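Let me put the structure up and write down what I look up.

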Amino acid sequence: QVQLVESGGGLVQPGGSLKLSCAASGSIFVIYAMGWYRQAPGKQRELVAGITSGASTNYADSVKGRFTISRDNAKNTVYLQMNSLKPEDTAVYYCNAEARSTSWGSIRFYWGQGTQVTVSS
């Protein structure tokens, strides 16, 4: 099994910055794509940003130019640098990883427990 642990959330004023981290641990054979999702109260979970094992990235239109996703494959860690934060960015942010635990195992999708990001003055 693969465990994902997020960190870095918190309260920030509009226009401020935060950097989220998500470290994968456990039985890891290979991690393919990783990503960040968020869910605001009363709304569906949505993709914020994704990154492949080859470092190709994609972003939701609402965060393009403000957020940057990156990963350190040696540390099995993915990051989300969030700049120019807006109140509408307030949500629980979840890390996601597409991975195999063993060479013969199937590809599974794993989720972290989530970290709260609140943008408010």
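This is a predicted model: local features need pLDDT of at least 70, side-chain atom pairs count only at pLDDT 80 or more; totals for chains, interfaces and linings use all residues.

**An arginine and its rings**

I started with R45, which lies over the face of Y94, at 3.7 Å from the ring centre. My rule for a charge over a ring is NZ of Lys or CZ of Arg within 6 Å of the ring centre and within 35 degrees of the ring normal. R45 also lies over the face of W111, at 4.7 Å from the ring centre.

Residues are numbered from 1 along each chain as its sequence is written, and side-chain values use heavy atoms, with hydrogens and water left out.

**Aromatic pair**

Next I looked for paired rings of Phe, Tyr and Trp (its six-membered ring), with centres within 6.5 Å; planes under 30 degrees apart are stacked, over 60 edge-to-face, the rest tilted. I got one aromatic pair. The ring centres of Y37 and W111 are 4.9 Å apart and the planes sit at 65°, so I noted edge-to-face.

**S101**

Is S101 buried or exposed? I use under 20% relative accessible area for buried, over 50% for exposed and partly exposed in between (1.4 Å probe, protein chains only). S101 comes out buried, at 18%. Y37, at 22%, is partly exposed, and so is W111, at 39%.

Leaving aside neighbours within four places in sequence, I found S101 in contact (heavy atoms within 4.5 Å) with residues including Q1, F29 and Y110.
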